[in-house]
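Hi,

Here is the structure I promised to send over. Have a look, and my notes on the aromatic pairs and the ligand site follow below.

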Amino acid sequence: MVCLSHPHRKAVMLRVCGVRRLWSSSGTATLPILGAEDALQRWRAAVPPKASSTILASYSSALGGITTDPSLMMIPLDDHGFHRGHCVFDTCALEEGRAFGLQMHLDRLLRSARQAQIIDDSIDASALREVLRSIVLQTFAAAGRRDQVFMRYWLTAGRGDFSISPSGCTPPEFYAVVHEDAEYPEDADHPPAGFSAAIVDVPLKTPLLATMKTNNYLINALVAMEAERLGVDLGLQLDDQGNVCETAVGAVAVVDGDGVLRSPPADQILASTTWARVRELAPTLVDQGVLSGCIADEALHVDALASCSEMFTMGGGWVEPIVEFNKRPVGTGKPGPIFNALDALVRADFLSTEHTDAVPFADRI
Ligand SMILES: Cc1ncc(COP(=O)(O)O)c(C=O)c1O
């Protein structure tokens with residue numbers, strides 16, 4: 001029997017109470033048919049306390065603007081992104097008032113959108129990327145914060161009837177939200193303690209779904225929940241040959257017994273922008289003799305994890321150490337020298353003009 005950790009029990013209780021609230025608030029009572037004013041008032045009252053303090057700004061193409069009122073952060077129910085899951089998304093971090101890695105993330109969003117057939121070759125992708133870039137930067141500016149915020153944005157198949165095919169839809173819709181970054185990584189003076197990870201028994205997505213960043217993250221949510229049940233921070237999926245895939249929302253890399261940095265190819269997982277950048281940076285560490293090499297195009301079998309000296313999860317531009325795997329320490333059980341070297345290199349990226357876009361705060365004053 002799996003022993004449920006305390007936070008997990010609490011999460012389950014909250015979900016049960018939430019369902020009971022739905023019962024008692026609607027139940028068999030006659031429901032009001034609300035006018036616009038009443039509806040707005042109720043939306044205002046319905047914002048969960050946590051959302052009202054953490055959601056800073058949102059954009060909706062359906063609305064045609066930005067709002068800083070969390071109660072107006074709305075998705076129309078007839079959007080196929082909602083009722084059919086026909087939607088792709090991506091993210092962007094903000095550091096010292098500059099949006100990090102936005103070009104890479106928008107490129108991946110458009111790649112995913114092509115795979116999901118939300119856009120096709122008739123679309124001028126570079127013009128669309130410019131429009132989305134401007135929306136993202138303006139929404140960051142409206143949030144008015146320079147650090148410790150994160151953006152998520154979604155491109156949907158569009159609004160329309162409730163059919164399965166989007167052929168009757170409006171053009172794609174775009175939504176974006178800026179929120180507090182609860183998982184903001186520690187600074188260089190306060191290094192991270194590191195994560196624990198364990199293999200989870202959750203089936204993989206098909207490669208088509210896994211290689212595009214759609215909002216069908218049910219499997220990813222189950223990976224995270226299984227990790228909670230096991231009492232670890234991260235769940236790691238393997239394929240049926242025992243090859244390492246990814247965690248719920250991160251790529252995985254190891255330093256193997258020969259000092260080679262390795263992460264599996266992105267043929268059945270999401271192509272991580274962080275890993276793409278780490279691969280570019282790795283030769284510097286090879287030249288310095290810190291690493292013996294870097295392999296990105298070979299499967300990584302789970303057996304190799306037993307002898308690895310360091311293990312990482314990567315996402316959102318950050319590399320984070322995994323110090324415990326399947327309840328055993330990884331290497332010394334502490335963040336190691338390769339982590340320290342990679343962390344310094346990726347942190348420098350966050351401040352470089354090459355990898356960041358300035359947020360137009362001044363235009364908002
Ligand atoms: C499933 C999955 N794998 C990997 C990653 C890491 O990708 P990135 O490094 O581009 O943030 C993410 C996060 O976006 C993810 O959701």
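W154 is partly exposed, at a relative accessible area of 25%, while F89 is buried at 10%. For those labels, buried is under 20% relative accessible area, exposed is over 50%, and partly exposed is in between (1.4 Å probe, protein chains only). Before you read on: this is a predicted model, so local features need pLDDT of at least 70 and side-chain atom pairs count only at pLDDT 80 or more, whereas totals for chains, interfaces and linings use all residues. Residues are numbered from 1 along each chain as its sequence is written, and side-chain values use heavy atoms, with hydrogens and water left out.

Searching the whole structure turns up 6 aromatic pairs. Rings of Phe, Tyr and Trp (its six-membered ring) pair if their centres lie within 6.5 Å; planes under 30 degrees apart count as stacked, over 60 as edge-to-face and the rest as tilted. F89 and W154 make a stacked pair, because their ring centres are 6.4 Å apart and their planes sit at 25°. F89 is in strand β3 (residues 87-95) and W154 in strand β5 (residues 149-156), so this pair ties together parts 65 residues apart in sequence. Helices (H or I, at least four residues) and strands (E, at least two) are DSSP runs, numbered from the N terminus.

F100 and F350 are stacked too, since their centres are 4.0 Å apart with planes at 25°. This pair links distant parts of the chain, 250 residues apart: F100 belongs to strand β4 (residues 98-100) and F350 to helix α10 (residues 337-350). Both F100 and F350 are buried. Ring pairs also join Y59, Y153 and F174 into a cluster.

Now the ligand. There are 17 residues around it (a heavy atom within 4 Å), and K213, Y217, S272, T273 and T274 come nearest. K213 and Y217 each place a polar side-chain atom 2.6 Å from a ligand oxygen, and a polar backbone atom of G316 is 2.7 Å from an oxygen atom of the ligand. Polar contacts here are pairs of N or O atoms within 3.5 Å. Taken alone the ligand exposes 380 Å², and the protein buries 96% of that (Shrake-Rupley areas, 1.4 Å probe).

Which elements give two or more residues to the shell around the ligand? They are α5 (102-115), α9 (273-287) and β12 (310-315). By type, the shell residues divide into 6 nonpolar, 8 polar and 3 charged, with Asp, Glu, Lys and Arg counted as charged, Ala, Val, Leu, Ile, Met, Phe, Trp, Tyr, Cys and Pro as nonpolar, and the others, Gly among them, as polar.

Cheers

Methods: A polar contact is a pair of N or O atoms within 3.5 Å; within protein, one must be able to donate a hydrogen and the other to accept it, and residues adjacent in sequence count only if both atoms are side-chain atoms.
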